[in-house]
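Please have the sequence and the coordinates open while reading.

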Amino acid sequence: MKGEYPTEAIKPGERLCRDWYERDVLDVAPDLISKILAIRTKGGITARYLITETEAYRGEDDLACHASRGRTPRTDIMYHTGGMLYVYLVYGMYWMLNIVTGETNNPQAVLLRGLGGCPGPGRLTRLLGIDKSFNGEDLTTSQRIWFEESGVEPDFITGERIGIEYAGDFWKSRPWRYTIADREGA
C-alpha cells in the first residue's frame with residue numbers, strides 16, 4: 001500500500017457501526033489506522049483509501065481541542081454521538097476532516113492526517129472533494145462517505161500533535177498522533 005492511491009486491490013469491508021465510534025477518542029484514533037475510508041465520487045464510483053495517520057482531540061479540558069472554549073455553533077457537532085463528521089475550514093483554504101467520537105455531550109474528535117499516498121489533512125480533503133457540506137454527515141448511514149474494516153492490524157507509532165503551539169507544551173506534547181509504522185518517512 002505504501003505510496004499508492006486507491007486501487008482495485010482494496011476490497012470492500014464491513015462498515016464501522018455506531019458503537020465503534022462511541023468509544024473514547026484515545027481508542028478510536030489508533031484503531032482508525034489501516035481502516036478504509038470509502039467515498040462515492042460524483043460519477044457514482046466508490047473509491048477506497050487506507051488511513052495512515054490520525055490525531056486525537058479530547059474534550060473541553062484539552063486546550064488544543066476546539067471544544068476547549070465550550071459549545072459554539074462551530075463545535076456543536078462535536079457534542080453529538082460518535083460517528084458524525086466535523087468539517088471546518090482553516091487558513092481560509094483547507095477543509096479539515098474529523099470523526100466525532102465518544103458519547104453525546106462528551107466532545108471528542110479524530111483528525112484524519114493521512115491516507116495511503118496522500119499525507120497531510122489539507123491535501124487529503126482536496127483529493128476527496130471534502131467541503132462544508134460534509135459537516136454533520138452520519139458515517140453509519142451516509143451513502144457518500146463511510147469507514148470500513150480492512151482486516152489489517154498494523155503496527156503504528158505515536159508522536160506529538162502538529163500545529164497546536166497555541167495550546168501550550170503540555171497539550172502539544174501529548175502522544176496523540178498515530179502513524180502507520182511502515183509509512184515512508186515515519
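## Basis of the description

Two strands are taken to pair if DSSP finds at least two bridges between them, and strands (E, at least two residues) and helices (H or I, at least four) are DSSP runs numbered from the N terminus. The model is predicted, so local features need pLDDT of at least 70 and side-chain atom pairs count only at pLDDT 80 or more, while totals for chains, interfaces and linings use all residues. Residues are numbered from 1 along each chain as its sequence is written, and side-chain values use heavy atoms, with hydrogens and water left out.

## Strand β5 and its partners

β4 and β5 run antiparallel and are joined by four bridges, with I99 standing opposite V110 in β5; the hairpin of these strands has six residues between them, and there G102 takes a positive phi near 80°. β2 also runs antiparallel to β5, through seven bridges, and E55 stands opposite L111 in β5.

Two bridges join β5 to the antiparallel strand β6 (residues 118-119), where P119 is the bridge partner of G114. This hairpin has two residues between its strands, and G117 in the turn has a positive phi of about 80°. β5 is mostly covered, eight of its eight residues being buried (under 20% relative accessible area, with a 1.4 Å probe and protein chains only).

## The largest pocket

A pocket here is an open set of points on a 1 Å grid over the protein atoms alone, where a 1.4 Å probe fits, with protein on both sides within 12 Å along at least five of seven lines; lining residues have an atom within 4 Å of a point. The largest pocket has a volume of about 640 Å³, the volume being the space filled by probe spheres set on points joined across faces, edges and corners. Of its 28 lining residues, H66, Y88, V90, G163 and Y166 are the closest to its centre. The elements that give two or more residues to this lining are β2 (46-58), β3 (85-90), β4 (94-101), β5 (108-115) and α3 (121-128).

Terms used:
Buried means under 20% relative accessible area, exposed over 50%, partly exposed in between (1.4 Å probe, protein chains only).
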